[in-house]
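I opened this notebook page to keep track of what I looked up and in which order. The entries follow below the structure.

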Amino acid sequence: MTTIDQLKSAVSFRLGVAKPNQFMVELPTDFKSNDGGFLSAIRDLMSGNDLNLLCQSVGVPPKTVLTLDQKMGVQARKVAYGYSGAGSVNMTFLLLNDYSVRKYFDSWYASTVSQNTGKAIYHNNYARQIKIHQLRKPITNKKFGAGPISLNVSIGQGTVYSALLEEAYPTNITQTEFTNDADGVMQLTVEMTYTKWSPVEDNQGFFGLSGSLGGLSGLLG
């Protein structure tokens, strides 16, 4: 019979329990709003990190083995004959007052089929790679300081699992809801279709180093 101490030991040995709010997404940044003006130029500076920060929820897609029923005498069983590669995943984002996220996905969506002629565009022109990472919080943080210099060393952080979605693009941008709730926030959910996905290795480090000098902070390594 498993004891509490054994469970605690197993959790500690495996660097803790995975947390659903520890994730990161990597999206392409070559789709822009192109609506002109100064604000458009600022929006075009949106980085993959901006999109990641605004992502509220996402998931790693399932894996499905396709099977056939096989019967030999009185014994029946299921045997594999392939797998289901293509699928879709939903991503939900916070909307800001410049609607940059909405316009980003509008631009990507418009690159799939011409909005003027209705003609389909070549698949290679809009299909992109997307990465989804399960992250691990640092086991411990150590702070060091000397005068105006402050260093923070994180140990045990990094990527637990990474999924690479290949030939992905948006196939459904959900309705944007308006309500009379003064304290509510606007969100946008996008369905991303992909051809196949696979787990990949990622180089998110086990150690992290950040610091500040006289009130100016940044990532040092």
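Before listing strand partners, I note that two strands pair if DSSP finds at least two bridges between them. The model I am reading is a predicted one.

**Entry 1, a hairpin.** I looked up strand β3 (residues 64-72) and found that it pairs with strand β4 (residues 75-84) in the antiparallel sense, over nine bridges. Thr64 stands opposite Ser84 in β4. Two residues lie between the strands of this hairpin, and there I noted Gly73, which takes a positive phi near 70°.

I searched the whole structure and came to three salt bridges. One of them joins Asp30 to Arg128, with the closest N and O atoms 2.9 Å apart. This pair links distant parts of the chain, since Asp30 sits in the loop between β1 (23-26) and α2 (38-43) while Arg128 belongs to strand β6 (residues 128-136), 98 residues apart. Asp30 has a relative accessible area of 43%, so I recorded it as partly exposed. Another joins the side chains of Arg102 and Asp106 at 3.2 Å, N to O, and both of these residues lie in helix α4, four residues apart, or about one turn of the helix. Asp106 counts as partly exposed because its relative accessibility is 32%.

Which residues of α4 are buried? I listed Ser100, Val101, Tyr104, Phe105, Ser107 and Trp108. Seen down the axis of α4, these buried residues fall within an arc of 155°, and therefore they line one face of the helix.

I found five aromatic pairs in the structure. In one of them, Tyr104 and Phe105 have ring centres 4.9 Å apart and planes at 85°, which makes the pair edge-to-face because planes over 60 degrees apart count as such. Tyr104 is buried at 4% relative accessibility, and Phe105 is buried at 0%. The rings of Tyr104 and Trp108 are also edge-to-face, with centres 6.0 Å apart and planes at 75°; these two residues are four apart in helix α4 (residues 100-110), so about one helical turn separates them. Ring pairs link Phe93, Tyr104, Phe105 and Trp108 into a cluster.

Last, I looked at Lys63, which lies over the face of Trp197, at 4.4 Å from the ring centre.

Methods:
Residues numbered from 1 in each chain as written. Predicted model: local features only at pLDDT ≥ 70, side-chain atom pairs only at ≥ 80, totals over all residues. Heavy atoms only, no water. Phe/Tyr/Trp six-rings, centres within 6.5 Å; stacked < 30°, edge-to-face > 60°. Buried < 20%, exposed > 50% of the residue type's maximum accessible area, 1.4 Å probe, protein only. Lys NZ or Arg CZ within 6 Å of the ring centre and 35° of its normal. Arc of directions from axis to C-beta. Salt bridge = Lys/Arg side-chain N within 4 Å of Asp/Glu carboxyl O.
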